[in-house]
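Please have a look at the model below. A helix and a loop residue will be taken in turn.

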Amino acid sequence: MVLKPSLRALRWFTVLLALAVVSAQAIVWFRQRSPNVIEIGTAAVGAPFTLFNSDGRRVSDADFRGTAVVIVFGWTRDPDVTPAVLQLLMAVHARLGPKDNRFYPIFISVDAARDANIDLRVFSERYGSALVILGGAEDDISALTKAYRLPVTRIPDPVLPNGYSLDLPSVYYVLGKDGRFRGAVPYTTDVKALAGELRKLTE
């Protein structure tokens with residue numbers, strides 16, 4: 001893992017996402033105090049998507065309506081960050097209890113060039129059936145990461161297939177039961193803290 005680009009990307013990502021959320025909150029605050037003002041736009045994070053799962057079946061964001069969603073972006077050949085982020089997410093999912101259907105944990109691969117269906121099927125075996133694993137065409141993934149304001153940088157790495165690794169911030173995106181963006185939580189190694197944040201955002 002290349003540390004400096006990751007920190008730089010995370011710093012810029014945090015600033016941009018914070019500006020988007022603050023702008024949206026300011027608009028809501030103003031609208032509540034000025035009910036006759038027509039809203040002309042809000043800072044948006046996220047977008048509708050149609051991708052494929054580890055079985056090759058087409059899946060869209062609309063398939064998860066009625067239950068909150070926690071999305072993690074990453075790449076299957078990542079030797080350390082992606083596995084750590086997903087392991088923590090699944091630990092929190094188990095801690096909060098899947099019986100109340102609090103949220104769907106979703107992993108979306110940003111490595112469209114290398115992650116064919118067979119890669120996703122093998123990858124899914126590491127985390128159990130509760131984790132929804134999705135991939136897509138390069139154009140679709142690129143558009144989605146832009147919608148989520150997530151910078152993805154390709155870094156030369158002769159050790160890996162195709163000669164590159166990927167660098168991106170590690171973030172948990174939370175969508176409400178209506179599919180709308182509720183918030184984002186940066187990666188942490190604290191299961192209890194993350195569980196508390198996700199519990200609040202998925203209620």
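This is a predicted model: local features need pLDDT of at least 70, side-chain atom pairs count only at pLDDT 80 or more; totals for chains, interfaces and linings use all residues.

Start with helix H5, residues 191-202.

Now look at the N-terminal end of H5. Asp190 caps it. A side-chain oxygen of Asp190 lies 3.0 Å from the backbone nitrogen of Lys192.

Next, sort the helix by burial. Leu194, Ala195, Leu198, Leu201 and Thr202 are the buried residues of H5. Seen down the helix axis, these buried residues fall within an arc of 135°, so they line one face of H5. An α-helix has 3.6 residues a turn, so residues three or four places apart point the same way. The face turned away from the buried side of H5 carries Lys192 and Lys200, both exposed.

What do the buried residues of H5 pack against? Their partners include strands E3 (68-74) and E4 (103-109). Strands E8 (171-175) and E9 (181-186) are also among them, as is helix H2 (81-96).

Thr76 is found in the loop between them. Is Thr76 buried or exposed? Its relative accessibility is 8%, under the 20% cut-off, so Thr76 counts as buried. The side chain of Thr76 makes a polar contact of 2.6 Å with that of Asp115. Leaving aside residues up to four places away in sequence, Thr76 touches Phe107, Asp115, Leu120, Phe123 and Arg126.

Conventions
Residues are numbered from 1 along each chain as its sequence is written. Side-chain values use heavy atoms; hydrogens and water are left out. Helices (H or I, at least four residues) and strands (E, at least two) are DSSP runs, numbered from the N terminus. The expected span of a helix is 1.5 Å times one less than its number of residues. Buried means under 20% relative accessible area, exposed over 50%, partly exposed in between (1.4 Å probe, protein chains only). The arc is that of the directions from the helix axis to the C-beta atoms. Contact means heavy atoms within 4.5 Å. A polar contact is a pair of N or O atoms within 3.5 Å; within protein, one must be able to donate a hydrogen and the other to accept it, and residues adjacent in sequence count only if both atoms are side-chain atoms.
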